[in-house]
2 protein chains.
Amino acid sequence: MGGRVNEDLIKERRKCTFDIKELTHIIDCGEENTIKRKQIDNYILNIKELWDDVPEEYLSHKERYENAIKKAFIVLKVLRQLHTGNIQITDHRTPTNVYSIQDGIFRNVNPLLIHIGLFWSTIAAQASTEQQAEWLQPDSSMIGTYVQTELGHGSFIRGIETTATYDSTTDEFILHTPRLSAYKWWPGGLGNTANACLVMAQLYINGTCHGLHIFLAQIRDFDTHKPLPGIKVGEIGPKMGFNTADNGFLGFDNHRIPRTNMLMKNVQVLRDGTYVKPKHDKLTYGSMLLTRVTLISDLAYQLSKAATIAVRYSAVRRQSPIKSNEPERQILDFVSQQHKLFITIASSHVYRVVGLWMWNSHKRVTADIHEGNMGQLPELHALACCLKAISSRDASALVEQCRLACGGHGYMMASNLPQIYAYTTAAVTYEGEYTVLLLQTARYLVKFWRLAAEHKPLPQNFAYFEDYIKKNFEQWRNSPEGIIEGFKAIVAGKTKAAYDTLQCNLRNGREFEEAWNMASVQLTNASEAYARSLLCEVFWKETVQLSTKVSKSLAIVLEQLAELYLMYWALEKHGDLLLYSTISRNDIEALQSRYEELLALIRPNAVGLVDAFDIRDEVLCSTLGAYDGRVYERMMEEASKSPLNEDVVNESFHKYIRPVTMKNKL
Amino acid sequence: MGGRVNEDLIKERRKCTFDIKELTHIIDCGEENTIKRKQIDNYILNIKELWDDVPEEYLSHKERYENAIKKAFIVLKVLRQLHTGNIQITDHRTPTNVYSIQDGIFRNVNPLLIHIGLFWSTIAAQASTEQQAEWLQPDSSMIGTYVQTELGHGSFIRGIETTATYDSTTDEFILHTPRLSAYKWWPGGLGNTANACLVMAQLYINGTCHGLHIFLAQIRDFDTHKPLPGIKVGEIGPKMGFNTADNGFLGFDNHRIPRTNMLMKNVQVLRDGTYVKPKHDKLTYGSMLLTRVTLISDLAYQLSKAATIAVRYSAVRRQSPIKSNEPERQILDFVSQQHKLFITIASSHVYRVVGLWMWNSHKRVTADIHEGNMGQLPELHALACCLKAISSRDASALVEQCRLACGGHGYMMASNLPQIYAYTTAAVTYEGEYTVLLLQTARYLVKFWRLAAEHKPLPQNFAYFEDYIKKNFEQWRNSPEGIIEGFKAIVAGKTKAAYDTLQCNLRNGREFEEAWNMASVQLTNASEAYARSLLCEVFWKETVQLSTKVSKSLAIVLEQLAELYLMYWALEKHGDLLLYSTISRNDIEALQSRYEELLALIRPNAVGLVDAFDIRDEVLCSTLGAYDGRVYERMMEEASKSPLNEDVVNESFHKYIRPVTMKNKL
């Protein structure tokens, strides 16, 4: 669709005060990644079979799967070519946008996501050297997935019911699904595609349960693809999103696998049934932790898509004159619209920066673990839990805010905003449910509050708990640093409140877990506050540091975004600041003014900022957000693809309508 | 699907302390409506063609339309039978659930919704007596819709570009779409179904524009259903929800209609081109106002569906022992879960009560208007604007909260929660966009604040503006009445803040509308606070009044729900209460304790409360929410309907998978 660029967008781009490419390179984690991304884009854009003529939203559930699986195997081949046969594409998980073109191909998710991203990497991480030598073959026939949750068991994984019972007479494990609630349910690619899987099951040896372990099980014949005897497998049906992935269910009827199919790097079952314990019982949680960390960066990318669509549309869309004698104004000129959109741009940068910071922390902690030092793991776990929870929740809310900011047109699938929302909101639940995760972090906070309350030594990063107890309040400052201090005071205040409630419940004779449950609303509040203080502090510090390394004109803009984020949340949380810091009413009014000033300062760069995300039209897949801003032309063109517009008169007319409307005229 | 009821649900039902039927009758607006509803349900449940074998989520976009239209014409026939030929089914709009079975038939929306609900009623309200005699025929061949918004024009309806130019030589209007952005876009049923429509267009006579008027235009041949010459009509493509309705686009190429096709009850164009003005220019906005009012009741119903699903599921679902030596607990026992769900139950009652209160106000004001008294219209308009905005926003957020409270399973379409969300969130935008409506109400608030600031007399319902200015603060009371006073103080405080900003902008030389725009974030905040204070006050007062008329055991429960709602929002808005009322930190802590007490008090009645909504399984359409609680059985049964489970091996295997996985084995 060639054609001139919308005039308003041309004007907006002229206003931009910074070098867009400079920012793009930062977002991509370096110019070399920008170059690599564009190479991959160009390569894949030329493969015609990957690009649909009819948008997938018109297809039936079954057609959608078949279309996706066709493309998935083309992509698999391409990725293998690009990696010259290395089937463990580990750099897939580093926080760059190098492979973002896949978002455009699948409009949602690659049905082989788990096969590519988790199946092989779990084998590499948890299988023994011999197992790896056997399984990690470039010409493997396995299409795998990772099978953990059950119909009746999600976040509380200890509740999993599937059993793997060792039979020493045959040297086999018997995989079994004891009841309906134990059916595996949800794994991506399991329904129709995978022929093998890693199964999480309770290990039983001689009547003793040794807890959860991972087993490799073939489930379909490699040659015919028919389910093996004792395997009941199928697809679970349509979902809010992820409909290009055949999420599946799986039941075992005393299905036997060789003993050597248990993943045995850290733990072993010997031929005689001897169980050899792992050195450290947290080693198995590594891949879940990594997923939570990489999720933060992925959410940054989803936010950048939503922001690009909503900002460009708001520059093109005109509605209501602001002054009555003027033409209708760009809706981007409405301050209420800026209030909805600029926080989304800023938040995308927050999650990019914090995601990278967490990625680096994870790398450091993993290196330590390999040297036998587990000391930093609890902190990383606590950070990952609350940051995963809050970033997924915030990102979902912001994507939806962008969608609503596009009015009715944002409700159309052709805007791509509903799909981005469906994709983003799934992250609130998967890989650790929101509230469950916040309560995990709360345990960590309460631990340190107890130390503080008992005047015991605290690590440096919780020194502010002691300040709070000693009422060492600094005078409020209406500055980024002041807001960060204020957010820490909120963490201390909310942790104290939750802790006091907990203690009170205990004094009233409740057992600990019951007392904990009764305080859980306050405990999650404390965790949320902790995540917010981390997001603010890391983003601000990293931005200040980055600003010294970039051009002056870009530094100004980056600091505006960081300040906007802090001001926005200070205003959102003004009630907590009033409760736990020394902020005054006048301070809040001043923050409100400064916030509105920042909106005005960012306004001229709004389009430049989303252009810098550099998301190509084929990835954005949005009638509202394309680079050229030809919104209405694209909307009409998309509508023309509707199969309901193929026939001038739909056959329903003759079957159902005419007999009613013309009954007296026949 | 027969079968025993889940044990946990049986126990929950035994715990219920009030008479469920008594509450059901209140919710239905009287026992007679409950009876009528059940009669209609039973009648319609017996029509087999209305009930799908394959859930519609498996169908393609085109199949979905064809399936819906088949059912729509059966329903139309049934409704005509039930109303013995009266094609204006006006009682369709009264706030009862009598026709709720339709939600079950269409899973979403009847494609004839606009035909039934708006097309005929607009003719009845705005056409002249002669026109009505001609058009309102029981055997009319017209299938109509209401055509207002355009590709480029939504909430700002004055911007509409479609023209209707009077040609006195032929006594016709020429309907014309001058450019792409003027294409009509969105009307339900327009794409493939309607053969006639009411078109909103700018009336031109002899080169003078008289503004927007409504015209009846035939667009398709009644007999062949082919679009008439000069008509370009089609379907706009898939949306987030409402996919059973063929929303459409429409363009006119100098399409001629008789002069007598303009709706002429309040306004006329004579044969010679003389324009006869309406007596009152607000008469045309009546139907939009009524739609906003009835929407509030509809949102109450959507919330009751979401609450029913999430509460029943939470009673059945077990996860994590609270004490480590116990079995896994019902998730309804987790206080964090109660915090998510009970506010949804309470909010459904809020919107039911406030919807009814608005419905009665609307009736009163309409009666006044017919007697020539327009005095109450501005107030009703201001109330309807902010209540529509806030109730749709709150309801969407709460439906989503219920969905997320069901964990991963809430993400499945078979839970019906994604569809309820998609339906509910549409209401944030249609019939007046959220922010636009809040800014309408803000004008009303600012008007009264100006009077207060100038010490001019105020109407009784704004007397608290004067109290606020005079600093007549009552001492804070931690009671429902105290909270209501507190919320009024917030309205006053926020209106003052927005007004002061506005004045400051004006003093700095801004023109009024520019100054208004700069203050718009604060103005919408004031409007939101106003809506919240209305919701709290009306709900509390109506509940107290109702409590005197119902059994003691029910009165206790209703007052708990009302108190919960007030406490919840007082805690959510504690920052504003700290700024604008005399609440203290200790008061907030006491509110938090009382709120947690209320959760515990409501807990035993939770299932009884959602049972009282009395939504039958065929309407709820949810694997998670059915009356018998057989969640996992239903989920597996639904999955078995997936067309992807029909074949043991999907043909994609042979086409795409095998060539890759077996390439070295062939």
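The entries below go from conventions to the whole chain and then to its strands.

**Conventions.** I am working with a predicted model, in which local features need pLDDT of at least 70 and side-chain atom pairs count only at pLDDT 80 or more, while totals for chains, interfaces and linings use all residues. Residues are numbered from 1 along each chain as its sequence is written, chains are lettered from A and ligands numbered from 1 in the order in which they are written, and side-chain values use heavy atoms, with hydrogens and water left out.

**Chain A as a whole.** I looked up the secondary structure and noted 23 helices and 13 strands in chain A; helices (H or I, at least four residues) and strands (E, at least two) are DSSP runs numbered from the N terminus. For the overall dimensions I noted that the C-alpha atoms of chain A fill a box of roughly 90 × 85 × 60 Å along the principal axes.

I then turned to burial (buried is under 20% relative accessible area, exposed over 50%, partly exposed in between, with a 1.4 Å probe and protein chains only), and 64% of the 666 residues of chain A count as buried. The accessible surface of chain A comes to about 24,600 Å², with 51% of it belonging to carbon and sulfur atoms; these areas come from the Shrake-Rupley method with a 1.4 Å probe. Among contacts (heavy atoms within 4.5 Å) in chain A with a separation of 6 or more, 74% are between residues 24 or more positions apart.

**Strand E8 of chain A.** Is this strand, residues 248-252, enclosed or open? I found that 5 of its 5 residues are buried, so E8(A) is largely enclosed by the rest of the structure. In a regular strand the side chains alternate between the two faces of the sheet. Here A:Gly248, A:Leu250 and A:Phe252 lie on one side and A:Phe249 and A:Gly251 on the other, and all are buried.

**The sheet around E8.** I next followed the pairing, for which DSSP must find at least two bridges between two strands. The order E4-E8-E7 in chain A makes an open sheet of 3 strands with antiparallel pairing. E4 and E7 of chain A stand at the edges with a single partner strand each, so one side of each is left without a neighbour in the sheet. Strand E4(A), residues 184-185, pairs with E8(A) over 2 bridges, and A:Trp185 stands opposite A:Phe249. Strand E7(A), residues 231-235, is joined to E8(A) by 5 bridges. A:Leu250 of E8(A) is the bridge partner of A:Val233, and A:Lys184 also stands opposite A:Leu250.

**Strand E1 of chain A.** E1(A) pairs in the parallel sense with strand E5(A), residues 196-205, over 4 bridges, and A:Val147 stands opposite A:Val199.
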